[in-house]
Amino acid sequence: MSVPAGASEGEALGVLSRFRVEFYECLYKRADALFELTDAVLCADGPVKTLVELSLAVEHRRGHGAMYAALDRGWAEPTRLRRALSGLPLPRAADGRIVLAVDVSNWLRPDAPTSDDRLFCHVYGRGARSKDQFVPGWPYSFVAALETGHTSWVAMLDAVRLGPADDATAVTANQLRDTVERLLHAGQWNPGDPEVLVVMDSGYDVAYLSHALADLPVVLLGRLRSDRVMLRDPGPARSGPRGGRPRRHGGVLALSRPETWHSPEVTTSTDTTRYGTAEARAWDRMHPRLTHRGPWLNHAEEELPVLHGTLIRLTVERLPGDRDPKPVWLWCSATGATGADVDRWWQAFLHRFDLEHTFRLMKQTLGWTRPKVRHTGTADLWTWLIIAAHTQLRLARAFAEDLRRPWERPATEPRRLTPARVRRGFRNIRATAARPATAPKPTRPGPGRPPGSKNKQRAKRHDVGKTIKRAESIKEHQTQRG
């Protein structure tokens, strides 16, 4: 939950007020205008569609000029804000462990040739995969802590924009390392606690990330494509007069060919209300075949490791809107799993989709991608304001009233309110929480551009896409380094 179990409404309000003060202290420039802009996002009637409409909210006591100037010249210190987010009460699994999810969401900017650092973002099309598109925009990598049960709440912890010169795998590794280290420093994990579980989709190299984060108390779980091939451990050593080098890999297990599968070490069956019967089969000590490609090119002068893990095949009886659900393949960096471990892993992976609901809330309700900003600095600032707004909704859910519409179902529990319903009553919560922003000072509007004059300073246009070509072989990698 967002607050400690059994906490009173007064304690929950104190946590929210302290975070609002810490958030205000993270705003180093134009703090009052940015803080009230965030309150306007939380208290606006209906979804946020344009920035200028936020200046009409009662909570925004400044004009629209001050709002645009704050976004253009304001500054929120992300390092301090990340520490503040890591120190808040975090949701945990049933066994007390922290479950993190990492995923990328795109801020599409197709009609912005004067915006810099845009990349081609993959957008899924409706129906056939042939309708998928690549649209220019800004991809952001988010890390959030997941909850258990039927919920769409997550605790946002970090956000990083992927630039044209960035390697997505290296950025993800550094982002996860920094997030886990902040959690350790904040006392969220102590020696003897269950390891932090990190779940991710098939777009991530879970094997390399598990190797890069091997010194941290984390277990990584990622989805595999159905055309992947995993390897068993080798059999007995070779015998004979010639001997030979011991084999590093054993038999092949092709995910798409059942004839290559051997008997799984663990098999579980769980009855669920949403998916029917869920069956999981797990094979222990399965590893991928690593080659000197992608992020492994940095290890060209050394022998690649053998990364053992647990391979899981999950099948469900039904899926909403899918008559013939396909199996899901997962690989976990831990070995020696029991049936309880396997069930815990695939259930945590399914909760990864709660982050997708948060992305939809941020875009459709909080207006994350609505502003047509030009500069990446403004986009980063607005992103952190939206994260701070979502965090305040999460902290306020413990004592928010259910202001439901007549056609909506009442919430079964007070703490089961959706983010949209909590936002509906946040104006009343704000009246009792801390409000560190100072009152605006009277001023005069600037002269502006003289009437009839034209803007003679044309904005610079930027190309879209990567600026650095990644090496695809050892020879190319050595040539680039030389």
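Mentor: In helix 5 (residues 78-86), Leu81, Arg82, Ala84, Leu85 and Ser86 are buried, where buried means under 20% relative accessible area, exposed over 50% and partly exposed in between, with a 1.4 Å probe and protein chains only. Helices (H or I, at least four residues) and strands (E, at least two) are DSSP runs, numbered from the N terminus.

Trainee: What should I know about the model itself?

Mentor: This is a predicted model, in which local features need pLDDT of at least 70 and side-chain atom pairs count only at pLDDT 80 or more, whereas totals for chains, interfaces and linings use all residues. Residues are numbered from 1 along each chain as its sequence is written, and side-chain values use heavy atoms, with hydrogens and water left out.

Trainee: Back to helix 5, what do its buried residues pack against?

Mentor: The buried residues of helix 5 pack against helix 1 (9-25), strand 6 (154-161), helix 6 (168-185) and helix 10, with contact taken as heavy atoms within 4.5 Å.

Trainee: And Thr378, which helix is that in, and is it buried or exposed?

Mentor: Thr378 belongs to helix 10 (residues 376-396), and it is buried, with a relative accessible area of 10%. Apart from neighbours within four places in sequence, Thr378 is in contact with Leu71, Asp72 and Val373.

Trainee: New topic: how many salt bridges are there?

Mentor: The count comes to 28 salt bridges, each being a side-chain nitrogen of Lys or Arg within 4 Å of a carboxyl oxygen of Asp or Glu. One of them joins Glu59 to Arg427, with the closest N and O atoms 2.8 Å apart. That pair links distant parts of the chain, 368 residues apart, with Glu59 in the loop between helix 3 (51-54) and helix 4 and Arg427 in helix 12 (residues 426-430).

Trainee: Are those two partners buried or exposed?

Mentor: Glu59 counts as buried at 4% relative accessibility, whereas Arg427, at 33%, counts as partly exposed.

Trainee: What about Arg182 and Asp158?

Mentor: Their side chains meet in a salt bridge (3.7 Å, N to O). Arg182 is in helix 6 and Asp158 in strand 6, 24 residues apart, and both Arg182 and Asp158 are buried.

Trainee: How about Arg223 and Asp201?

Mentor: The side chains of Arg223 and Asp201 also form a salt bridge, at 2.7 Å from N to O. Arg223 lies in strand 8 (residues 218-224) and Asp201 in the loop between strand 7 (196-200) and helix 7 (206-212), so the pair ties together parts that are 22 residues apart in sequence. Salt bridges with shared partners join Asp103, Asp201, Arg223, Arg352 and Glu356 into one network.
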